[in-house]
Amino acid sequence: MRAQVAVLIVCSGLLQAAPNEVPPMQPVTVLVDFEKPHSAVSVDALRRELQALLEPVGFKIDLQLKSELPPFPVFADLVVFKMKGSCTMTSLPLPVEALSDERGPLAMAYSSDGEVLHFGAVECDRIRESLQRVLGRGNPEKHQAVFGTALGLVIAHEMYHMMADSRVHTKTGLTKASLSASELLDGELALPGIAQQAVRHSLVPAH
């Protein structure tokens, strides 16, 4: 069964940009706030995947952990993700009364008054459970980097909505409405051209 990547309802038109336009590199801080223990290996893979996915649209990603921020940090451009659940492939056993609903979202970007905010949440437990349906539960430490790459894909999807201020999903690629575990694992997902154009348009200063 395919898991929804985001629940975004209202549609708006994608803005167009010149197809050959090369945007300047824009520093963007991605601040991740883990509520439970996480894997350092997964975080490194997440950082690499985010940069690889978002560099083509002009983003230089600076991934930082909220728990490691210095006093009085300053950010040029900031997006924040609450990392819910246990963000590691080493899962804790669920209590017998727990109910797991795989139809829920893997991540979401929040909105207010029609604007997509630079704040979202990632459901680490659901992502891990989705991957385990393909990988199995054995040797979890072997799959920590794979888990981090999947986190990067999911966060990049939500950053598209945030940076383009668009609730539109594309028909193909990383920004379609749902992704299967196999798609998260095969390494072939990328931002489709129409999504890249929408993000690039948002980087052009208004006159």
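## Core and fold

In the largest nonpolar core, which has 49 residues, the members that touch the most others are Val30, Leu50, Leu54, Phe81, Met83, Ile155 and Met159. Such a core is a set of buried Ala, Val, Leu, Ile, Met, Phe, Trp, Tyr and Cys residues joined through side-chain atoms within 4.5 Å; buried means under 20% relative accessible area, with a 1.4 Å probe and protein chains only. Helix α3 (residues 144–164) supplies the largest share of this core, 12 residues.

The model is predicted: local features need pLDDT of at least 70, side-chain atom pairs count only at pLDDT 80 or more, and totals for chains, interfaces and linings use all residues. Residues are numbered from 1 along each chain as its sequence is written, and side-chain values use heavy atoms, with hydrogens and water left out.

The protein has five helices and seven strands, taken as DSSP runs (helices H or I, at least four residues; strands E, at least two). Whole-protein values are as follows.

| Property | Value |
|---|---|
| Buried share of the 207 residues | 47% |
| Accessible surface (Shrake-Rupley, 1.4 Å probe) | about 10700 Å² |
| Share of that surface from carbon and sulfur atoms | 56% |

Contacts are heavy atoms within 4.5 Å. Beyond residues up to four places away in sequence, Phe81 touches, among others, Val30, Ile155 and Met159.

Ser39 lies in the loop between β2 (26–34) and α1 (40–54). Ser39 counts as buried because its relative accessibility is 7%. Leaving aside neighbours within four places in sequence, Ser39 is in contact with Cys87, Thr88 and Gln144.

Key
Buried means under 20% relative accessible area, exposed over 50%, partly exposed in between (1.4 Å probe, protein chains only).
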